[in-house]
Amino acid sequence: MIDNRKKVLIACDSSRTLLDFRGKLIEELLMKNDVHVFTPKISQQHVRERLQIMNVTVHENKLNGSNVSIFSDLKYIIQLYNLIKEIKPDIFFPYTFKPVIYGTIVAKLCKIGRITPMLTGLGYNFADKTPKKRLVSTITRVLLKFSLSSSKRIRIIFQNRDDYQKLMASGIIGVKQQAFVVNGSGVDLTHYDYSPPEIKQISFLMISRLINAKGIKEFYEAAKLIRQKFSNVRFKLIGSYDDNIDSINKELYASIRSGEVIEYLGPVDDVRPYIKEASILVLPSYYGEGVPRCILEGMAMGRAIITCDSVGCRETVNTAAKQRNGFLIPIKNVAALASKMEYYLKHTKNILTYGLNGRSFAKEKFDVNLVNAEMLKIMQVD
């Protein structure tokens, strides 16, 4: 009997995303393929155990996806080169910036037959920035253009059309490249099931790493404004404070941790209990999102949202009158954010209505099964 199973190598910059963002896709791939993952060290034991049960072969590295380190990055490139030479994958699927840039270059050098890099957001690399970030951005753009240079073996995946158009306008990719757009990472509607939001004790929840681009400061300042008028409203923040080029400053971090305005819960392994307790999900992100996973999770569980009219975020809001599931606000606009928070406090019935609309919108557009079906076609393994 002929074995037609292919070897798929997945590369990421955080082991936390393997199951949360790619778990269902990996399950689909495993039906007809052998799957290897090249990931930074897995710190969560349940992730390691689950991958073992799934028969995924894990190869760990010490990549820091958030910071610039020439020595560390070179070590990563060499390790990936040796790994590809060893396992000889048929398909290479890198996602996030460093795995996409370095991985695609190495994969082309090793002559892998099918390379499907996925850009899950462009981050601060395509926005206004400080001189330090501008230098990093320039280097990133040059490397990205080189790595994605036209090849019949490369099929580029975007999570929103804005990112595709931005790279076209920047000359990083052209019409010759094979490019595809999917609806984010999708969301598992069976895992994130609906629950009625709390409308008597209203709370606003934000789920995000503590970096400037996510709008942490705006959430904090808007919460201060609302608490001056509505003392019984709660504001909660979930996310890690990491060593990142765009991390919030220590003063803001200290103010958040004090708990006087926001209840800071740190990173959590399972956001579902916290979304269930929340009334509204907030993400005032400036730029750089693929399609924010936290918003999709909130929509799936029936939560109204407030987010920015920015790349990726705008994909999650249906503004049709009878299907509205939340609000889009201008970026870096504390007053607008506070205004929409106040709207929900004064129109509590719409918290329920918008939440139900969000669940329907997630089912129609962002169901992980629909997204993964597209992914498999692009990867040509369906």
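This is a predicted model: local features need pLDDT of at least 70, side-chain atom pairs count only at pLDDT 80 or more; totals for chains, interfaces and linings use all residues.
Biologist: Happy with that. Which residues of helix H9 are buried?

Modeller: First, the terms: helices (H or I, at least four residues) and strands (E, at least two) are DSSP runs, numbered from the N terminus. Buried means under 20% relative accessible area, exposed over 50%, and partly exposed in between, with a 1.4 Å probe and protein chains only. In H9, residues 250–257, the buried ones are Leu-252, Tyr-253 and Ile-256. They lie on the same side of H9 because they cover an arc of only 100° around the axis; that arc is taken from the directions from the helix axis to the C-beta atoms. Lys-250 and Glu-251, on the other side of H9, are exposed.

Biologist: What do the buried residues of H9 pack against?

Modeller: They pack against helix H8 (216–229), strand E10 (234–238) and strand E11 (263–266). Contact here means heavy atoms within 4.5 Å.

Biologist: And what is found at the start of H9, and what follows the helix?

Modeller: At the start, a side-chain oxygen of Asn-249 comes to within 3.2 Å of the backbone nitrogen of Glu-251. That is a polar contact: a pair of N or O atoms within 3.5 Å, where, within protein, one must be able to donate a hydrogen and the other to accept it, and residues adjacent in sequence count only if both atoms are side-chain atoms. After H9 comes Gly-259, with a positive phi near 80°.

Biologist: How should I read a pair of packed helices?

Modeller: Two packed helices are described by the angle between their axes and the distance between the axes. Axes are lines fitted to C-alpha atoms, for helices over the stretch in contact, and angles run from 0 to 180 degrees between N-to-C directions. The axes of H8 and H9 come within 11 Å and cross at roughly 45°. Ile-216, Lys-217 and Tyr-220 of H8 make the contact with Leu-252, Ser-255 and Ile-256 of H9.

Biologist: What name does that angle get?

Modeller: Under 35 degrees counts as roughly parallel, over 145 as roughly antiparallel, 65 to 115 as roughly perpendicular and the rest as oblique. H8 and H9 are therefore oblique to each other.

Biologist: How do helices H12 and H13 cross?

Modeller: The axes of H12 (residues 334–346) and H13 (residues 348–366) come within 4 Å and cross at roughly 100°. That makes H12 roughly perpendicular to H13. Tyr-343, Tyr-344, Leu-345 and Lys-346 of H12 meet Thr-348, Asn-350, Ile-351 and Tyr-354 of H13.

Biologist: Now the serines. Is Ser-285 buried or exposed?

Modeller: Ser-285 is buried, with a relative accessible area of 0%. Its place is in the loop between strand E12 (280–283) and helix H11 (293–300), and its side chain reaches the backbone oxygen of Ala-213 at 3.3 Å.

Biologist: Where is Ser-279, and what does its side chain reach?

Modeller: Ser-279 is in the loop between helix H10 (272–277) and E12, and its side chain reaches the backbone oxygen of Glu-198 at 2.5 Å. At 0% relative accessibility, Ser-279 counts as buried.

Notes. Residues are numbered from 1 along each chain as its sequence is written. Side-chain values use heavy atoms; hydrogens and water are left out.
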